[in-house]
Each structure stands twice: as C-alpha cells, then as structure tokens.
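Subject: Handover of a structure and notes on it

Dear colleague,

Please find below the structure that I am handing over to you. I would be grateful if you kept it open while reading the notes that come after it.

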Amino acid sequence: MNLLFATHLARIQELVREALSCCRLDGVWIHAGQATHYFLDDQTKPFRINPYFNYVVPMPQAEGSWVFLDGYSKPQLYFYQPKDYWYFVEALPEDFWCDQFDWHVFTDTEQVVTFINDRKNCAFIGEDEALAKALGFFAINDRKLLNILNYYRAYKSEYEITCIFQAQKPALLGHQAAKQAFDEGKSEFAINAAYLQASEQSDLNVPYGNIVALNQHGSVLHYNRLDKQVPTETKSFLIDAGATYYGYASDITRTYQRAEHSLFRQLLQGMETIKQDIIADLQIGYNYLTYHTQMQQRVAQLLHDTELVKLPAEHIFDLGINRAFLPHGLGHFLGLQVHDIGGWQQNKRGAIKRPPEVYPSLRCTRELAEGMVLTVEPGLYFIELLLAPWRTHECANKIDWQAIESLKAFGGIRTEDNIVMRASGAENLTVKMQQQLQQS
C-alpha cells in the first residue's frame, strides 16, 4: 500500500495545485471535524470524518485534526491528541502512510491559532464554518475550489480502488452470517447483530444504516426498523449493508427467498440476470443514464415475460408501468461517501446535469471513465403507493393484480454489486472478493 498511497497523494497534490491556481489561493486547510452535541444535551452525535480530510489522511478517527496542503510542500498534518480521561484518545499511528506527512501534535484546540495565524490567503474545507470565520478565513468552502476537487474525486486512484476492494471482505463475511441467521429463522434485529459481529462493526461505524428487511419490509427502500419479533411466516429477506476500509465504503445488497412462490423465484432470478447483463455491457465513454434506461427496459421485459403485465415490453416501458415497480436509480458513485460526490457534475466548473424528470432518483449522469467506482443495483418492488394510480388507468385490466397481491408479502427484490470501470469494461469488485473468499 505504501507506493499506492504515495502515488495517490502525489495526484492530490497535482489537483490542489490546479485548484489553488484557479482560485488564486496559497493553500488549503482541511479540518477533520468535531463531534457535535444533541439538542439540549451533553451527549455528542456519532462522529463522522470530513471526507476531504480522509481523502488526504487515511485516518477516519482523527477528530479535531487538520491537514494543510499547498500542492508543492510536504503535507502538514496537525494531529489533535487532547489530554482527556473521559474519552478514548487516539494514539499516534504507525502505518504505511505516516511518513508522507510532517507531523505536529497539539493538545488544546486553542493552539490552532498559532499554526494558522500567518496563512490568511488560504481556503478552509470543513463543516464548522463558524470556526473558520473565527480563525480569519475568507475562502470558506469556496465553491470554485470544491467544484474542481469534487469533479476529480470521481476518478479513483489505484489506492482508493484497493481500499474499496478490501471493504468488500468484511461486508461479504457479514452477508454470509446474515444469510445463515435468516436460514435459522431469526428476527431482523438478530440478523443485524449477526452481520455486525461477522463484519466486525458496530451500529456506530457502519458506512450507512443497515437495511435488514423480512417479508413486506423489503418494499421500504431505506427500511431501518429492525423488528425484534420473528414473523409468523418468513417469506423473504433483503439485506443492504456494507463496510469500510480506511474510510472507503462497500455497498452490497442481496435478496433471498424462503416461502415457495414460483413467480417470486422467477423474478428473483430475472433481477440477478439483469444485474449481470448490465455489468457485462458497461463501457467507458457512455453515460450512466444510458444503462439506467436499459435497466428500466429490461424490467419492462421481465414484467412482460412473467405476465405480471400483459402488454408488449415496449408498451410497458413507453407507458412507464415499469417505473411503478422500480422507482430508484441504477446506482451511484462509491468511495469515501456511500453516495460519493460529483454524480451529476459534468465538468470542473460545476455544471450540473440532473436526471430526466421521469428518473428523479438517479444519482449519476456522468459519462463513464476509467477509475470510476459505482454500484449497480437493479430492483423490483411491490409498493401500493406507486401501484395505486395504475389501478384506475385504462390499462389496469392488463396488470395481474391478483399476482401482485400475493407478491406484496415478499416486499421486493434488490441485488447490488460494486464495480470499477477499466479500459476493457467493468471489473466486479464484489464478485472478485467473493471468489477470493471461496478459495481461501
């Protein structure tokens, strides 16, 4: 990892030089962030690092720390190590990346003034804008600066790709344990506990809230209730859960069936085929919207083939019936943030290309290029709120409402892998790690 990270950091220095030159600034100070308190409470919210700090410094636990970059000099890392016996204090790390920085340890936040005082023509990147103003910064989260950096963050270095690949391992081990807990007839709460234990995570440091849904709960796209009661009859299981490695996330979804239902099984197999076919088709130079549209067309074909909708696939797609079964996008950028930055941004100036009105939830409208890491996650759900308008449509009699009613108890289907774009097409990081685990 030493060489990979050194190359990654050198690339960041190049980007910073370009961005600072465009903005006529001398340097950029990036604050890791500080835990904030709940309203009228002395307890703090779970801390999450500023992704831009983590982009430069592979240490997601460096609360209160700073890093300074000017694009030329060795990065200056100001590591906050308070004298505290109430909370755990991070020790100075000894890791592959540490020699790439000049280290400065401080124990009191008031000391920040002493090392920032003579750097007024510098940018600040961080959440605490009040702190930045108090310290005398004028270029606070400068939009021109961030547009440049956000645009380039879509192109992952080999260091970043390696981290995302390694983040697949704990997630897949967790998924394996969750599937076993499901097979043993456990509750959502117990399945989630099995996932956390196997992936060696807690609820506070997962990259996003785990979605662990039995039966009809699978139709709630961001379900997070974790029912402690086992259903009277367990029909299906949808799990969407990931892990992190040096702050970089994985994001994996699987759906399983227990109760026998031939149509649901056919749909489950059909969605897996759609995912695999789309991944096989991905090529650089094509807009992600192209593949999202193909996903919707393939779902329309699946609705036709299973006779859930007794119309030609082209008519199903043209009418938009398929969108009632699939309301979300094909996927999104993945990195330090689960929904990584820059999915709509088309150039360094910050031009935005929003998704078409018919696909409002699509998170990526970029042209695919080498180094981009994305999720591919087709889904199919039975959500009455979306289906209801079609009950009174002139084509209502072409929809098999009886079959849909029986499928509602299964909630829905989603299957998701993480891919990186290469010159030859998409490399499936999730499948690659799964193969490694099977061989070990």
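The notes below go through the structure part by part.

Please bear in mind that this is a predicted model.

**The six-stranded sheet**

Six strands make up an open sheet with mixed pairing, and their order is S4-S3-S2-S1-S5-S6. Strand S4 (102-106) and strand S6 (139-140) are at the edges; each has a single partner strand, so one side of each is left without a neighbour in the sheet.

Inside this sheet, strand S1 (residues 27-31) runs parallel to strand S5 (residues 122-125), and four bridges join the two. S1 is also joined by four bridges to S2, but here the strands run antiparallel.

Within S3, Leu 77 is the bridge partner of Val 67. S2 and S3 form a hairpin with six residues between the strands, and in it Gly 71 has a positive phi near 90°.

**Helices H1 and H6**

Helix H1 (residues 2-23) lies across S1 and strand S2 (66-69), and runs at about 70° to S2. Two packed helices are described by the angle between their axes and the distance between the axes. For H1 and helix H6 (residues 158-183), the angle is about 125° and the axes are 7 Å apart. The two helices are therefore oblique to each other.

Which residues meet where H1 packs with H6? From H1 come Leu 4, Phe 5, His 8 and Arg 11, and they meet Glu 158, Tyr 159, Glu 160 and Thr 162 of H6. Sorted by class, this contact has three nonpolar, two polar and three charged residues.

The span of H6 can be checked: its 26 residues, at 1.5 Å a residue, should span 38 Å, and the end C-alpha atoms are 38 Å apart, which agrees. After H6 comes Gly 185, with a positive phi near 80°.

**Two residues with positive phi**

Most residues other than glycine have a negative phi. Arg 24 is not a glycine, yet its phi is positive, near 55°. This residue is in the loop between H1 and S1. Its relative accessibility is 74%, so Arg 24 counts as exposed.

Asn 141 is likewise not a glycine and has a positive phi, of about 45°. It lies in the loop between S6 and helix H5 (143-152). Is Asn 141 buried or exposed? Asn 141 is buried, because its relative accessible area is 17% and the cut-off for buried is under 20%.

**Strands S7 and S8**

Strand S7 (residues 211-214) is covered on both faces, with Ile 211 and Ala 213 buried on one side and Val 212 and Leu 214 buried on the other. S7 runs antiparallel to strand S8 (residues 236-241), and four bridges join them. In S8, Leu 238 is the bridge partner of Ala 213.

Helix H9 (residues 288-305) has 18 residues, which at 1.5 Å a residue should span 26 Å; the end C-alpha atoms are 26 Å apart, which agrees. The buried residues of H9 include Tyr 288, Leu 289, Met 295, Val 299 and Leu 303. What covers the buried residues of H9 includes helix H8 (262-281), helix H10 (313-319), helix H11 (321-325), strand S12 (373-376) and strand S13 (379-381).

S12 also pairs with S15: four bridges join these strands, which run antiparallel. Val 376 stands opposite Asp 417 in S15. Strand S15 (residues 417-422) is mostly covered, as five of its six residues are buried.

S15 pairs in the antiparallel sense with strand S16 (residues 425-428) as well, over four bridges. Ile 419 stands opposite Asn 428 in S16. The two strands, S15 and S16, form a hairpin with two residues between them.

With kind regards,

A colleague

Note on methods
Residues are numbered from 1 along each chain as its sequence is written. This is a predicted model: local features need pLDDT of at least 70, side-chain atom pairs count only at pLDDT 80 or more; totals for chains, interfaces and linings use all residues. Side-chain values use heavy atoms; hydrogens and water are left out. Two strands pair if DSSP finds at least two bridges between them. Contact means heavy atoms within 4.5 Å. Axes are lines fitted to C-alpha atoms, for helices over the stretch in contact, and angles run from 0 to 180 degrees between N-to-C directions. Angles under 35 degrees count as roughly parallel, over 145 as roughly antiparallel, 65 to 115 as roughly perpendicular and the rest as oblique. Ala, Val, Leu, Ile, Met, Phe, Trp, Tyr, Cys and Pro count as nonpolar, Asp, Glu, Lys and Arg as charged, and the others, Gly among them, as polar. The expected span of a helix is 1.5 Å times one less than its number of residues. Buried means under 20% relative accessible area, exposed over 50%, partly exposed in between (1.4 Å probe, protein chains only).
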